[in-house]
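Hello, and thanks for passing this one along.

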Amino acid sequence: MSSYGYDVLVFGSCIVDFISYVPRLPKVGETLHGTRFATGNGGKGANQCVAAARLGSRTAMIGKLGDDPWGSAYRDALAREGVNVEQVDIVPGESTGIAQINVADNGDNQIVIVTGANKCLAPSDVALRASLFGKARILVCQLETPLEGTMAALAAFEGISILNAAPAERLPRSVLAAATIFCVNETEAALLTDMHEVSDVQQAKAALFKLRDMGCKTVIITLGEKGAIFARPDDTEVYHVKPMKVAKVVDTTGAGDAFIGALAHFLAKHPGADLGCCIAAANRVAAWSVQKPGTQTSFPRAGDVELPGDLSNLLDQCEKV
């Protein structure tokens with residue numbers, strides 16, 4: 001047994017998804033007939049925690065839920081996934097966070113979030129749980145909860161931390177420099193660096209160097225079907241991690257969270273592995289998820305995704321750019 005109590009600790013959001021499946025995404029002011037409606041558990045923090053737990057990581061979550069039926073049901077669901085929920089609080093007088101999601105037939109999505117109880121996650125939640133931060137290998141944070149709490153969590157953690165800067169917003173240098181690994185997608189990278197777009201590997205490379213100049217340490221930019229790029233601190237070499245091809249995209253909702261949770265899992269379980277190999281393995285998990293409907297329900301369990309026992313065998317998926 002490791003001296004660490006947990007492989008992955010997540011400080012972040014819990015949100016219930018209300019999902020409408022539609023032929024295409026509606027235009028402004030347009031009403032469309034949907035084909036199906038579903039509810040599911042989401043929120044970037046909980047999604048990433050469940051993704052890691054399903055792959056076999058020992059996980060714990062620090063988060064907030066409302067004192068409504070959605071909150072208690074969500075807490076129970078996290079526990080069934082094997083997540084330690086002792087630090088997931090039910091907040092009196094607050095509603096559980098919700099997301100309204102439209103998913104088109106081609107897999108594109110639109111999401112509107114009402115954070116509810118998530119806005120109560122604060123620096124005091126870090127101070128009250130100081131010992132927990134010394135018991136985990138990897139800390140994962142996002143931007144769906146108040147920034148002050150996220151910064152306190154990153155400051156309290158001495159191991160490898162991942163900040164998934166989503167949803168996209170402009171950030172001060174102190175935030176950009178707070179995490180060991182700073183991970184964004186194309187949209188977030190473009191917004192943070194004031195670039196018109198980041199849609200291919202060369203544009204992502206330019207955005208990566210801008211993010212480094214802004215204070216980020218190790219940077220990962222995910223590019224969807226084009227894979228991902230990354231560079232370590234002070235390293236002039238940028239690497240492209242090739243994507244995993246899929247036959248049919250069913251639903252991209254949660255794919256980025258599947259990637260982050262899987263990345264945390266592989267970093268925790270394979271501490272000696274090259275970062276590029278961990279990214280390549282996480283790419284495979286995300287690719288598996290987009291072939292299934294839903295968010296957490298689309299995340300694979302250990303054994304679902306074909307991976308080599310030695311992640312170094314994935315090194316050929318990385319190339320300098």
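This is a predicted model: local features need pLDDT of at least 70, side-chain atom pairs count only at pLDDT 80 or more; totals for chains, interfaces and linings use all residues.

1. Which strands pair with β12? One is β11 (residues 218-222), which runs antiparallel to β12 and is joined to it over four bridges. Within this pairing, Ile 220 sits opposite Phe 230 of β12. Another is β13 (residues 239-241), also antiparallel to β12, with three bridges between them. There, Ile 229 has His 240 of β13 as its bridge partner.

2. In the loop between β12 and β13 you will find Asp 234. Asp 234 has a positive phi of about 65 degrees, although it is not a glycine. Is this residue buried or exposed? Asp 234 counts as exposed, at 76% relative accessibility.

3. Asp 194 is another non-glycine residue with a positive phi, in this case about 60 degrees. It belongs to the loop between α6 (186-193) and α7 (201-213). Asp 194 is exposed because its relative accessible area of 58% lies over the 50% cut-off.

4. The bond joining Ala 166 and Pro 167 is cis, with omega about 0 degrees. Pro 167 is in the loop between β9 (160-164) and α5 (173-176).

5. Now to helix α2, residues 69-80. With 12 residues at 1.5 Å a residue, α2 should span 16 Å, and the 17 Å between its end C-alpha atoms agrees with that. Its buried residues are Gly 71, Tyr 74, Ala 77 and Leu 78. Viewed down the axis of α2, these buried residues fall within an arc of 125 degrees, so they line one face of the helix. The face turned away from that buried side carries two exposed residues, Pro 69 and Arg 80.

6. What do the buried residues of α2 pack against? Their partners are the strands β2 (15-22), β3 (36-42), β4 (59-66) and β5 (84-91), together with helix α1 (44-55). Just after α2, Gly 82 takes a positive phi of about 95 degrees.

7. Stepping back to the whole protein chain, there are nine helices and 14 strands. The radius of gyration is 18 Å, close to the 20 Å that the globule rule gives for 321 residues, so the chain is as compact as a globular protein of that length. Along the principal axes, the C-alpha atoms fill a box of roughly 50 × 50 × 40 Å.

8. Finally, some totals for burial and contacts. Of the 321 residues, 52% count as buried. The chain exposes about 13700 Å², and carbon and sulfur atoms supply 51% of that area. Taking contacts between residues at least 6 apart in sequence, 65% join residues at least 24 apart.

Definitions and conventions:
Residues are numbered from 1 along each chain as its sequence is written. Side-chain values use heavy atoms; hydrogens and water are left out. The expected span of a helix is 1.5 Å times one less than its number of residues. Buried means under 20% relative accessible area, exposed over 50%, partly exposed in between (1.4 Å probe, protein chains only). The arc is that of the directions from the helix axis to the C-beta atoms. Contact means heavy atoms within 4.5 Å. Two strands pair if DSSP finds at least two bridges between them. The radius of gyration is taken over C-alpha atoms; the globule rule is 2.2 Å times the number of residues to the power 0.38. Accessible areas come from the Shrake-Rupley method with a 1.4 Å probe; for residues, only the protein chains shown count as cover.
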